[in-house]
Amino acid sequence: VNYLDRHVHTAPDKVALIWEKDEPGDEACVTYRELLELMCHLGNTLKRQGVKWGDRVTIYMPSCPLAVASMLACAHTGAMHTVVFARFSAESLADRIRDAPSETVITVNQGLRGGKVIELKTVDQAVKQCPGVKRVLVSMRADSKFPITAQDVPLKEEMMKEDACCEPAAMDSEDMLFLLYTSGSTGKPKGLVHSQAGYLLFAALTHKGMDPSHRALMSQQDIFGCVADISWITGYTYVVYGPLCNGGTTVLFESTPVHPNPGHYRETVERLKINQFYGAPTAICLLLRYSNEWVKNYDHSSLTGEPINKEAWEWYFCVVSKTQCPVADTWWQTETGGICISPRPSNPGAEILPGMAMRPFSGIRLSILDDKVTILQGNVLLENNISGALCISQAWPGKAQTIYNDHKRFLETYLTPYPGFFFTGDGAYRTSEGYYQLTGWLDDIINISGHWLDTAEVEDVVGRGVGGSMLCVVLSNLMVLLPGTYAFVVLKKDSGYTQETLANELGELTSKIAKYAAPEYVQVTHQLPKTRSGKIMRRVLRKIMEDKASELGDLTTLDNHEAVQQITEGCKRLVEGQKSH
């Protein structure tokens, strides 16, 4: 009702969704009235198929209007939904269906991404492993034949039989809205639960306050372009729930940043007249490898702000926005439901510093606690110019309620490490001005000869000094192959560096921090293992360097499996080279 019904009463013909399909220029607009009717047809279909209040529905679809309607139809009828990334394997999908558990799966026959056709009827293989599934609602994304099973229901045909009016279910504020699986540090996926009222409030507030420009709040007339897939929390909050709750226009981006060329984002901004563009830092770093001509060819005057390492921030601010619109670096997690630290909103004219999230959002109470293994561990650090464990000291509306079917793990992960505080798992530095800068997972901070060293500080210095478009430093005292610290670097094209010359350069650059900060081993690679939401999977790199490649754990969120093989082979060459010396 908050996402659709109330807006249809005031602006039924306003565009709710702009579906930017895989091929640039092939977009489709859906108004609030059309989206409501689509959702009602689907909601009534779910009811007729036996879906009832409290059921769990698995959605295995790419970013498209029907996927959004599926999410809202579940919410409308009182069923909990979980969206699974449409490139996950049958095994990964089956794991999530069983854990929910789901009796209903909604999917399409095919997806399109980066110019490639992705067959999604692999869902049949998953369902064979899930005896609890009673029905698979299948829609047609492409006109191609696909195998039909006894559980398949032709979704579009069934929807045409239903009314365009669907009575909404009355829900308690703490009833479950959705279940979102994310990979944990142990490699075992965890299903985080978000509830109804609190999540809705936080999604709406943080989306409305996200505008990095001089305006206090985002306008309803703005076009918001968040390019995340709807299966990630960024897609849930800032593609679907936040913009629609605020009556805005949101973009569904089906493709990739570099298809058909590295100018795709910029061409989309120009053509759709996007006002706010929200993207992942790793996507920006990827584009850094290409010529600036892909940016200069397009008009970005519609942008008022863009919600990132320092080099990427400065490139975006100077080259992409031509210093005309601010770039805001936001920090939050699946667990928080929405943005917790961001330069905006703030007082008019307040500064934005490169590569720093800076200010807590309204109602977010941040604390830095001593994370060192000393008698002071767990003490709240009140002074500025200090680093430690980033915690939140007061409950907020968007907080995840539990890990599905494993509340004990939820308590142990987030509430037990620092009693009385919500532990984010991240380290942070509070500057002399009181601003917050994230320093990375605390697992990536180690003691070297009595000195504490974190990855973010090393990566920032190195990234600014060499031609690296992407950099990851792995710190551990448990390395087996070659004990020490490692730097994995993805170089810009034509940087002129070799692995040998780069190692010398890194030593000089990191001496700006301290002599002990220099990585002992450097590996140049074509890519780093990343999740589909853009985060570097450091635990995978660490396991490789600890000679535990057989213990990588759950890799369902890994976007580029070939990166693991490349780095494993590179590490072997590095070890052989050291032995020869």
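This is a short tour of a predicted model, stop by stop, with what to select at each one. Residues are numbered from 1 along each chain as its sequence is written, and side-chain values use heavy atoms, with hydrogens and water left out. Because the model is predicted, local features need pLDDT of at least 70 and side-chain atom pairs count only at pLDDT 80 or more, while totals for chains, interfaces and linings use all residues.

**Stop 1: the second largest pocket**

Select V1, N2, Y3, A75 and Q196, which lie nearest the centre of the second largest pocket among its 18 lining residues. A pocket is found on a 1 Å grid over the protein atoms alone, as an open set of points with protein on both sides within 12 Å along at least five of seven lines; a cavity is a set of points where a 1.4 Å probe fits but cannot get out, and lining residues have an atom within 4 Å of a point. The volume here is about 340 Å³, a volume being the space filled by probe spheres set on the points, with grid points joined across faces, edges and corners.

Now select α3 (65-77) and α7 (197-208), the elements that give two or more residues to this lining. Helices (H or I, at least four residues) and strands (E, at least two) are DSSP runs, numbered from the N terminus. α3 gives the largest share, 3 residues. The lining divides into 12 nonpolar, 4 polar and 2 charged residues; Ala, Val, Leu, Ile, Met, Phe, Trp, Tyr, Cys and Pro count as nonpolar, Asp, Glu, Lys and Arg as charged, and the others, Gly among them, as polar.

**Stop 2: α7 against α8**

Residues in the contact (heavy atoms within 4.5 Å) include Y199 and L200 of α7 and Y236 and Y241 of α8. By class, this contact has 10 nonpolar, 4 polar and no charged residues.

**Stop 3: two cavities**

For the largest cavity, of about 100 Å³, select residues of its lining, including F85, R87, L112, D229 and E254. Strand β6 (residues 110-113) gives the largest share of that lining, 3 residues. The classes are 6 nonpolar, 2 polar and 4 charged.

The second largest cavity holds about 60 Å³ of space. Its lining includes F85, R96, W232 and T557.

**Stop 4**

L112 stands opposite V117 in β7. The hairpin has 2 residues between the strands, and G114 takes a positive phi near 65 degrees.

**Stop 4: a sheet of 5 strands**

Next comes an open antiparallel sheet in the order β16-β15-β17-β19-β20. Which strands stand at the edges? They are β16 (380-381) and β20 (436-441), each with a single partner strand, so one side of each has no neighbour in the sheet. Strand β19 (residues 422-430) pairs with β20 over 5 bridges, and R430 stands opposite Y436.

**Stop 5: L555**

Finish at L555, in the loop between α16 (538-545) and α17 (561-580). Not counting residues up to four places away in sequence, L555 touches M537, R539, V540 and H561.

Definitions and conventions: Two strands pair if DSSP finds at least two bridges between them.
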